[in-house]
Amino acid sequence: MVSSLPSDALRDPHRVLQDFFEEYKDEGTDFPERVASYFANIYKDALNEIPVVDTHRPPETFKDASLVTFRGMIQDTLPPTEMYLSRLSSGACGGWGITDETTSATEFDYANLKECNVMWGVSVPGRSSWSSLEAGEASAGSSHSSRPHKYPLHAEPHVGLQLKIYDTSKADDLKSTVVHDFVGILMRESLQVADMDPSAEPPVVPTLHVLYSTPVSATVIPRTFPYSPASSSLEDTRTELIAWLADESLGGDRFAAEYVLLCAIARVQSRHPPILPPSMTLSRFPAPPSSASASSSTPPLPTLHPALALIFPTVTSIPLTLPTINTTPFVPTSKDEDLLAGWLQLPRRTLCLLTESGLTAEGGVTERGLRNLHATQNMMKNQMLDYEFPFSSFGFETDVSFVVVAEGRKSTFFETSVNVPLVPRDGAQVGVEALYKPASAIKQPAPEKLEAFRALVGGSMVGNAKVGEEAAEYIENDFVKERQASTMTADDLILRMQLARLLALSYHEPEVTIDIWKKTRALELERKAREAAAGVKA
């Protein structure tokens, strides 16, 4: 017999919650945990039946006490916890938006006072539309949060919700930039603010009383490693992916596309010792057409961004114009107990493009701009981001890959692990317009091919590759020979080892073999030759 609970909870989630409370109210103090398990079980096979809160269907379009799901990033773990009556004077369930207006401050049993955690969640910055749709979300529309300063990608449409977490055993897992699917009851309530003037009226904001939540993987859709395509060999799929990325966004430069792929799939492998994602500068990249730049205060994004967003689940861009550098926050900053978002407050496994094409206006970098650039460089190099508080700062671990798009021989502001000058393919039609064409002009592969590309990069993002014993001995001997014959350093070896692991992952090989090492060495030698030809000093 099919259970009616999913449809009952959609019609009246508070009624289903009250019925559950009546059944289990006398069985211990872990009721919120029971609620989480109960509702998670109800919707384990019916999650797609729950309406989604997103920019296409923002909070104000729902009636009060609607059951909804929200895929969001924790932006602020607000300082206060909130007290609530877990059992009302009538004996009914309290919490999750259920209150008793008639109960006075002296008429309740203090044993029924419980705590819930209050947080602020926002739409996932940079989430690609295809991954949202495949996860069951609606397509992006336009919505503006009542608290836009709490969204990292300034001025972009998004949803922001106050989240009330009753299962406090899970609160420690909900740290800044963590992404979860939150299922709960949507209301409109006063914002919970610490140290607020008692005479002031707190703003009313959309509030989600969370019944349960589940973490969302970095790839959104679960991926496997190694992966075996159904229609062609994995190596053919990889070759086709690089060719497509090069032809659609890099003027046919497959060599540059290879390095973009390697840096994009990278993740933090270890902190002790540090094995961190290598950063990349894509240099000699032409400026956007003058006609496109003149029509907007912000230069157009390279086509590389929407092309990558078709295959990677989370891609953001930061336009490095002087106004952006000097006047907008890059790091989260606490002001009056409110955490203001910064460009760099991004979920783990985000691919971040830094575009320097907007550096045409006269002027210099201010002190604030220097702090922003320093924070970005530190995050590239050490995968740490300092959150600023009134009298101190605290470092938070990150896991974000960076690609800098620069017009000159190297980045104006940043030192990156690798520098790859763009060299369009001979005979390729690479007018500047082709490098800045809109997403709608990209020639997309067939749907099954596009899914194969996504499965390939997704598996590479979650896989691991070790160095085999035979390869380790070969690499050691190769390093000794090359060091005797050239100026290769220990740092060069470390970088080459990183790239070799990434190359193995991109082929879905769980081991760095001698063949993979030889391919990596050839790539690096060609890259060094490109740098020399472009006039880049070693």
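Student: Which residues line the second largest cavity?

Tutor: This is a predicted model, and in it the second largest cavity is lined by Phe-285, Pro-286, Thr-355, Glu-356, Ser-357, Val-405, Ala-406, Glu-407 and Tyr-436. By class, that lining is made of five nonpolar, two polar and two charged residues, and the space inside is about 30 Å³.

Student: How many cavities of 30 Å³ or more does a search of the whole structure find?

Tutor: The general idea comes first: rolling a probe the size of a water molecule over the atoms shows where empty space is left. Here the search turns up two cavities of 30 Å³ or more, and the largest cavity holds about 70 Å³ of space. Among the residues that line the largest cavity are Ala-266, Arg-267, Gln-498 and Leu-505, and helix 14 contributes the most to this lining, with four residues. Both domain 2 (234–449) and domain 3 (464–537) supply at least three residues each to the lining of the largest cavity.

Student: Which residues lie nearest the centre of the largest pocket?

Tutor: They are Thr-416, Ser-417, Val-418, Asp-492 and Leu-495, out of 43 lining residues. Several elements give two or more residues to that lining, including strand 17 (418–421) and helix 15 (514–533), while the largest share, eight residues, comes from helix 14. The volume of the largest pocket is about 1500 Å³, and its lining divides into 16 nonpolar, 13 polar and 14 charged residues.

Student: Which strands pair with strand 16 in the parallel sense?

Tutor: Strand 9 (residues 280–283) pairs with strand 16 over three bridges, and there Thr-281 stands opposite Val-404. Strand 13 (residues 350–355) also pairs with strand 16 in the parallel sense, over six bridges, with Leu-351 as the bridge partner of Ser-401.

Student: Why is helix 12 said to be largely enclosed by the rest of the structure?

Tutor: Helix 12 is described in that way because twelve of its 16 residues are buried, among them Lys-449, Phe-453, Arg-454 and Met-461. For its length, helix 12 (residues 447–462) reaches 23 Å from its first C-alpha to its last, which is close to the 22 Å expected at 1.5 Å a residue.

Methods: Residues are numbered from 1 along each chain as its sequence is written. This is a predicted model: local features need pLDDT of at least 70, side-chain atom pairs count only at pLDDT 80 or more; totals for chains, interfaces and linings use all residues. Side-chain values use heavy atoms; hydrogens and water are left out. Two strands pair if DSSP finds at least two bridges between them. On a 1 Å grid over the protein atoms alone, a cavity is a set of points where a 1.4 Å probe fits but cannot get out, and a pocket is an open set with protein on both sides within 12 Å along at least five of seven lines; lining residues have an atom within 4 Å of a point. Grid points are joined across faces, edges and corners, and a volume is the space filled by probe spheres set on the points. Ala, Val, Leu, Ile, Met, Phe, Trp, Tyr, Cys and Pro count as nonpolar, Asp, Glu, Lys and Arg as charged, and the others, Gly among them, as polar. The expected span of a helix is 1.5 Å times one less than its number of residues. Buried means under 20% relative accessible area, exposed over 50%, partly exposed in between (1.4 Å probe, protein chains only). Domain bounds come from an automatic or database domain assignment.
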